[in-house]
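Subject: Structure handover

Hello,

Here is the structure I promised you. Please open it beside this email and follow along.

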Amino acid sequence: MHFHLTGEQQAIQDAVRGTLADSWPMERIHAFADGDADFDQQSWAALMALGLGGMLAPDSGMGLLDAALVCEVAGEAAAAGPLIGQLLTVAAVAASPHDYLRNPFPGESRGPEGKGDLAKWGPAFVGEQSVLAALASGETVATLVHGGSGYVPSARAADLFLIVDRATGVRLVPAAEATIEPVKAADRTRPMSKVAIADGAGETLFAAADPMTARLADAALVLVAADALGGAQKVTDMSVAYAKEREQFGQPIGRFQGLKHQLAHMALDVEPARALVWYAAYAWDAGLPDAPRAAAMAKAHLCDIYVRATRAAIAAHGGIGYTWEYGLHYWFRRAMADRVWLGSPAEHRARAAALAGW
Amino acid sequence: MDLSYGEAAEAFRAEVRAFLSLHWPPPSDTRGSDLKAFIRTFRALATGEGYLYRAIPKRYGGSEQPVDVIKAQVIREEFTRARAPMEVGGNGMNMTVPTLLEKGTEEQKELFIRKTVEGDYVWGQGYSEPGSGSDLASVRTKGELSVDGKKWIINGQKIWTSQGMQATHMFMLVRTEPDAPKHDGITYLLIDLDQPGVTRRPIRQMTGEEGDHTFCEFFFDNAETPVSWQVGERGQGWYVSRTTLKHERASIGGADGLGRQFAKLVDLAKEVGRIDDPVVRDKLTQIEGSVLSHRYSSYRIFSCAAAGEDPGPVALMMKLLLTEIGHEMALLAQDLIGEHGFVEPAGAGGRGNRGPRGPEKWLDQIMGSLGNSIAGGASNIQRNIIGERGLGLPRDLAMSGER
């Protein structure tokens, strides 16, 4: 039995952690949050330079578990950028029946007859590189649209939209065919736009009944659960560190049992749930029959935990936790967004109950 | 990740199964003392194969096997599947034997280990006292040397001893140096309970449970034990009592038990016609999120143990997690049983055949969940352990002298 991280997996997490720590120190998060952009090219390029874009391509030797470990670290850093959308789009394109998305078509036009309507993909996709390769390298940016339309992170920066909808299937849509209306986002680390896409736009990759549609929807749940895990662990660590350093009544506040027990409960919430995310990702990779249910359980459970952890973290910090400057609110806001994104915990629990045959 | 145990383990599983199919179960008409003798022989055979008492040297009746948590898990699974008896359980195997192996004299090992392994000696734990619960190092039961210096004379009271009515012996913490700092004034003694200075009484629990299998309290009135039955140095008993069984401790058995209990809770919701209620479905799946977290974390801890790696703070959390889940299940069960909650179930809290019981039987779990927050390290102590050892928070000032 092997149900803990390998040295290699830990090394990947450390590498991503180091890169994101350089990209997103608190002053950069502040600057990004107060700016107008919904994407940060520099940090995106740094992440993609690690080769993360292609993790879910079939030839990567990695799987959803590895992708989840990376999303966990992104959640920890509260990193901007549509990482989840990018990873899933690569998985979708790589598995789709459309060869023309995977093959380079040098020259002026993307291709010969019968390779799909290439005109609609626009000049960005003409060249020596395939769409798949451009996605894997991060040069082409893709973001996830849950259902047919709605709130979408980094929509203004995206070249492609991946619609994953259990009811209608999976579609890849060029940005030119989407209507994008930026909103002032509550989650300042992943600014959103309202995106509307006409029926029939883009290219259908998988029909609703294709098993790949459900698999991609499940994978998205696992990756959001991983983001929540990383964030919940981060605010727990911040609270513990603060409790060791902050003094009141002449001693570190972490010595007081009232607070100590609250911190113990935060850790008790987060740490055992780590294995729930691991299992969901492992089950997806192994194609186990309970993978869809494990994904729903992980999404529901971790997103509840993330909200609880961030609320508890702000309470544990006291006044400093309520300031803009300290920054805890970025994770709190991200927790609220993770919770509602792709469906609430209640919605996924109802699905899990049905999937159990109750 | 890989949840299988590997080919070597499966080959070993086949061996264990072959052994069990040969030697278990006993012929269906085996009863009473014949059955006891059959089980004794079976355990001896299983020990001969290296399946039982793996941490115990051969000269004391064990099978002396190298540490292998995967093999140990396969053995547990196969014996459980065949409903075959495993090691004699209880405090003797879990506490006395490991302590003696590490800290006992040769005479003590010879005297006690084999008899414990073979089930002849049953050990009660003499730790808690009415005035010493979480603050165990404050024990006041007194030990004084006899005039000739050959015996300890013991006076005081111990409480919450499981298997107390069956116990033949006790390992206990007694205060022998009243003037020393509290941790340094305790001696670890073994004592024969069959003597006039010892009185025992079962404790009737809040569940109503009473009788021979429940906890006991013990009164010591000039009870005696030879000085040669003292384990470790005089005054060092606190440190002797910290010895625990580390060998092959990791298992995923606890998670299986919790999973079974959760499945019964789902069955209860069906039985009382509430399974279609969205509130019940939401609550059940909420609880299940924690049940599965516990299960997969036990895989994680087990897997780390097999690889010789440290699983980190999660190992400190499993007891409190189990307890907290038990409370959640109790509250939902209480809701589900509705008016059946007016009824005291037959044989509440007890064991054995109690006849047919309806949904009111959940009262056992509902009350039992409260016992879990107390036994084996109270929940607030678990929170301290997670906070201090797991998260590295500073110790409470009132307890800063504790070890």
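**A sheet in chain A**

Start with one pair: A:Pro153 has A:Met192 in β6(A) as its bridge partner. Strands here are DSSP runs of E with at least two residues, helices are runs of H or I with at least four, and both are numbered from the N terminus.

The model is predicted, so local features need pLDDT of at least 70 and side-chain atom pairs count only at pLDDT 80 or more, while totals for chains, interfaces and linings use all residues. Residues are numbered from 1 along each chain as its sequence is written, and chains are lettered from A and ligands numbered from 1 in the order in which they are written.

Now the rest of the sheet. β2(A) and strand β6 (residues 192-197) of chain A pair in the antiparallel sense over 4 bridges. Two strands pair if DSSP finds at least two bridges between them. In general, strands of a sheet pair through backbone hydrogen bonds, either parallel or antiparallel. This open sheet has 3 strands, in the order β2-β6-β5 (chain A), with antiparallel pairing. The edges are β2 (150-153) and β5 (178-182) of chain A. Each has a single partner strand, so one side of each has no neighbour in the sheet. On average, neighbouring strands are turned by 40° against each other, direction ignored.

**Two helix pairs**

Two packed helices are described by the angle between their axes and the distance between the axes. Axes are lines fitted to C-alpha atoms, for helices over the stretch in contact, and angles run from 0 to 180 degrees between N-to-C directions.

Take helix α1 (residues 7-23) of chain A first. α1(A) packs on α4(A) at about 30°, with the axes 9 Å apart. That makes the two helices roughly parallel (angles under 35 degrees; over 145 is roughly antiparallel, 65 to 115 roughly perpendicular, the rest oblique). Their crossing is right-handed (the near helix is turned clockwise from the far one by less than a right angle; anticlockwise is left-handed). Residues of this contact include A:Ile12 and A:Val16 of α1(A), and A:Leu69 and A:Val73 of α4(A). Contact means C-beta atoms, placed from the backbone, within 7 Å. The contact residues divide into 9 nonpolar, 2 polar and 2 charged. Ala, Val, Leu, Ile, Met, Phe, Trp, Tyr, Cys and Pro count as nonpolar, Asp, Glu, Lys and Arg as charged, and the others, Gly among them, as polar.

Next come helix α5 (residues 83-95) and helix α7 (residues 211-245) of chain A. They pack at about 160°, with axes 10 Å apart. They are therefore roughly antiparallel. α5(A) passes α7(A) in a right-handed crossing. A:Leu87 and A:Leu88 of α5(A) are among the contact residues, as are A:Leu216 and A:Leu223 of α7(A). The contact has 12 nonpolar residues, no polar and no charged.

**Domains and chains**

Chain A is divided into domain 1 (7-206) and domain 2 (211-355). These bounds come from an automatic or database domain assignment. The domain centres, taken over C-alpha atoms, are 24 Å apart. The contact takes 33 residues from each domain. On the domain 1 side, α4(A) gives the most, with 10 residues. That side has 22 nonpolar, 5 polar and 6 charged residues.

Chains A and B also touch. The contact takes 43 residues from chain B and 35 residues from chain A. α8(B) gives the most to the chain B side, with 19 residues. That side divides into 24 nonpolar, 11 polar and 8 charged.

Best wishes

Key:
Contact = placed C-beta atoms within 7 Å.
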